[in-house]
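Subject: Structure handover

Hello,

Here is the structure I said I would pass on. My notes on it follow below the entry.

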Amino acid sequence: MQSSLIGKIDKARRYAEDKDRVILTEFEATFQGDHGTHAVSYRGGKWHCSCHFFAGWGVCSHSMALQRLLGGILPVAER
Ligand SMILES: [Zn+2]
């Protein structure tokens with residue numbers, strides 16, 4: 001393997017252990033809940049989920065689970 005690529009792989013390993021370098025700005029995900037699959041997204045600093053609970057409360061177990069899962073790379077206000 002070329003030494004320049006080996007250097008990049010080593011750097012990637014170090015970067016992957018340093019979550020403060022990355023801020024997730026938006027994403028979409030499907031979430032397999034206990035009672036069905038839901039579409040969860042984070043965009044413009046706002047969460048959305050297709051489940052009924054989120055429609056009434058603006059938060060749900062799916063969005064909160066993803067906040068925990070992605071806590072290190074979400075903007076500080078969303079952690
Ligand atoms: Zn939900």
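The largest nonpolar core has five residues in all: V40, C49, C51, C60 and L66. A nonpolar core here is a set of buried Ala, Val, Leu, Ile, Met, Phe, Trp, Tyr and Cys residues joined through C-beta atoms within 7 Å. Buried means that 20 or more other C-beta atoms lie within 10 Å of the residue's own, exposed means 12 or fewer, and partly exposed is in between, with C-beta atoms placed from the backbone. Contact means that the C-beta atoms of two residues, placed from the backbone, lie within 7 Å.

Two points on conventions. Residues are numbered from 1 along each chain as its sequence is written. The model is predicted: local features need pLDDT of at least 70, side-chain atom pairs count only at pLDDT 80 or more, and totals for chains, interfaces and linings use all residues.

Overall layout

The protein chain has three helices and three strands, which run α-β-β-β-α-α from the N terminus on. The radius of gyration is 17 Å, well over the 12 Å that the globule rule gives for 79 residues, so the protein chain is more spread out than a compact globule. That radius is taken over C-alpha atoms, and the rule is 2.2 Å times the number of residues to the power 0.38. Helices (H or I, at least four residues) and strands (E, at least two) are DSSP runs, numbered from the N terminus. Along its principal axes the C-alpha trace spans about 55 × 25 × 20 Å. Of the 79 residues, 11% count as buried. Among contacts between residues at least 6 apart in sequence, 30% join residues at least 24 apart.

The sheet

Three strands form an open, antiparallel sheet in the order β1-β2-β3. The edge strands, each pairing on one side only, are β1 and β3 (46-49). From one strand to the next the twist averages 20°. Two strands count as paired if DSSP finds at least two bridges between them.

β1 (residues 27-33) and β2 (residues 36-43) are antiparallel and share seven bridges. They form a hairpin with two residues between them. Across this pair, G33 has G36 as its bridge partner, and Q32 stands opposite T37.

β2 and β3 also run antiparallel, joined by four bridges. Their hairpin likewise has two residues between the strands, and G44 in the turn has a positive phi of about 60°. S41 stands opposite H48 in β3, while the bridge partner of V40 in β3 is C49. V40 and C49 both belong to the core described above.

The helices

Helix α3 (residues 61-69) packs on the sheet and touches β1, β2 and β3; its direction makes about 55° with that of β2. Axes are lines fitted to C-alpha atoms, for helices over the stretch in contact, and angles run from 0 to 180 degrees between N-to-C directions.

H62 lies in α3. Is H62 buried or exposed? H62 is buried, because 23 other C-beta atoms lie within 10 Å. Not counting residues up to four places away in sequence, H62 touches F31, G33, H38, V40, C49 and C51. The C-alpha atoms of H62 and W47 are separated by 10 Å, with the two residues 15 apart along the chain.

I23 is found in the loop between α1 and β1. I23 is exposed, with 12 other C-beta atoms within 10 Å. Not counting residues up to four places away in sequence, I23 touches I73 and P75. I23 and L69 are 46 residues apart in sequence and 14 Å apart in space, C-alpha to C-alpha.

Regards
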